[in-house]
Amino acid sequence: MCDVATIPETYKRLKKEGYAISLCTLRRWVKQGILPAAFAGQKALIYYPNLLKILHEGTEQPDTMKQK
């Protein structure tokens, strides 16, 4: 499979590989900048290894959210 795909294609791949992430969650993560994406017109293109890294390692909390 290609490592770069649109959000719907990425969703289908995740589902096929057993990940329970919704299409809406992927779109929200791209919109919020959590999941990096390149744009071709209005289509967001996701690099699959970046997504797997987020799923397995999580993301860092912003400084305002960290407990002291």
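Student: How many helices and strands does the protein have?

Tutor: The protein has three helices and three strands. Keep in mind that this is a predicted model.

Student: What pattern do they follow along the sequence?

Tutor: Read along the sequence, the order is β-α-α-β-β-α.

Student: What share of the protein is buried?

Tutor: Of the 68 residues in the protein, buried residues make up 25%.

Student: What share of the contacts joins residues 24 or more positions apart?

Tutor: Take the contacts in the protein with a separation of 6 or more. Residues 24 or more positions apart account for 47% of them.

Student: Now the core. Which residues form the largest nonpolar core?

Tutor: Start with the general idea. In soluble globular proteins, nonpolar side chains tend to be buried together. Here the largest nonpolar core has twelve residues. They are I7, L14, I21, L26, W29, V30, L35, A44, I46, Y48, L51 and I54.

Student: Which elements give two or more residues to this core?

Tutor: Four elements do: α1 (7–16), α2 (23–32), β3 (43–47) and α3 (48–57).

Student: What is L51 in contact with, leaving aside its neighbours within four places in sequence?

Tutor: On that basis, L51 is in contact with T10, L14, L26, W29, L35 and I46. Look at L35 in particular. L51 and L35 are 16 residues apart along the chain, and their C-alpha atoms are separated by 6.7 Å.

Student: And which residues is L26 in contact with?

Tutor: Again leave aside neighbours within four places in sequence. L26 is then in contact with I7, T10, Y11, L14, I21, L35 and L51.

Student: T10 is on that list for L26. Where is T10 found, and is T10 buried or exposed?

Tutor: T10 is found in helix α1. With a relative accessible area of 2%, T10 is buried. Not counting residues up to four places away in sequence, T10 touches A5, L26, I46, Y48 and L51.

Student: Next, helix packing. How do I read the pair α1 and α2?

Tutor: Two packed helices are described by the angle between their axes and the distance between the axes. For α1 and α2, the axes come within 9 Å and cross at roughly 130°.

Student: Which residues make the contact of α1 with α2?

Tutor: From α1 come I7, P8, T10, Y11 and L14. From α2 come L23, L26, R27 and V30. By class, the contact has seven nonpolar, one polar and one charged residues.

Student: Let me look at R27. Where does R27 lie, and how does R27 count by relative accessibility?

Tutor: R27 lies in helix α2. At 42% relative accessibility, R27 counts as partly exposed. Leaving aside its neighbours within four places in sequence, R27 is in contact with I7 and P8. R27 and P8 are 19 residues apart in sequence, and 9.2 Å apart in space, C-alpha to C-alpha.

Student: How do the axes of α1 and α3 compare on distance and angle?

Tutor: The axes of α1 and α3 come within 12 Å and cross at roughly 55°. α1 and α3 are therefore oblique to each other. α1 passes α3 in a right-handed crossing. The contact is made by T10, R13 and L14 of α1 and Y48, L51 and L55 of α3. These residues divide into four nonpolar, one polar and one charged.

Student: Last, the strands. Where is T6 found, and is T6 buried or exposed?

Tutor: T6 is in strand β1 (residues 4–6). Buried means under 20% relative accessible area. T6 has 16% relative accessibility, so T6 counts as buried. Not counting residues up to four places away in sequence, T6 touches K43, A44 and L45.

Student: Where does A40 lie, and how far is A40 from T6?

Tutor: A40 lies in strand β2 (residues 38–40). A40 is partly exposed, with a relative accessible area of 45%. A40 and T6 are 34 residues apart along the chain, and their C-alpha atoms are separated by 9.6 Å.

How values were computed: Residues numbered from 1 in each chain as written. Predicted model: local features only at pLDDT ≥ 70, side-chain atom pairs only at ≥ 80, totals over all residues. Heavy atoms only, no water. Core = buried A, V, L, I, M, F, W, Y, C linked by side-chain atoms within 4.5 Å. Buried < 20%, exposed > 50% of the residue type's maximum accessible area, 1.4 Å probe, protein only. Contact = heavy atoms within 4.5 Å. Axes fitted to C-alpha atoms, helices over the stretch in contact; angles between N-to-C directions. Nonpolar A, V, L, I, M, F, W, Y, C, P; charged D, E, K, R; others polar. Parallel < 35°, antiparallel > 145°, perpendicular 65-115°, else oblique. Left-handed = near helix turned anticlockwise from the far one by under 90°.
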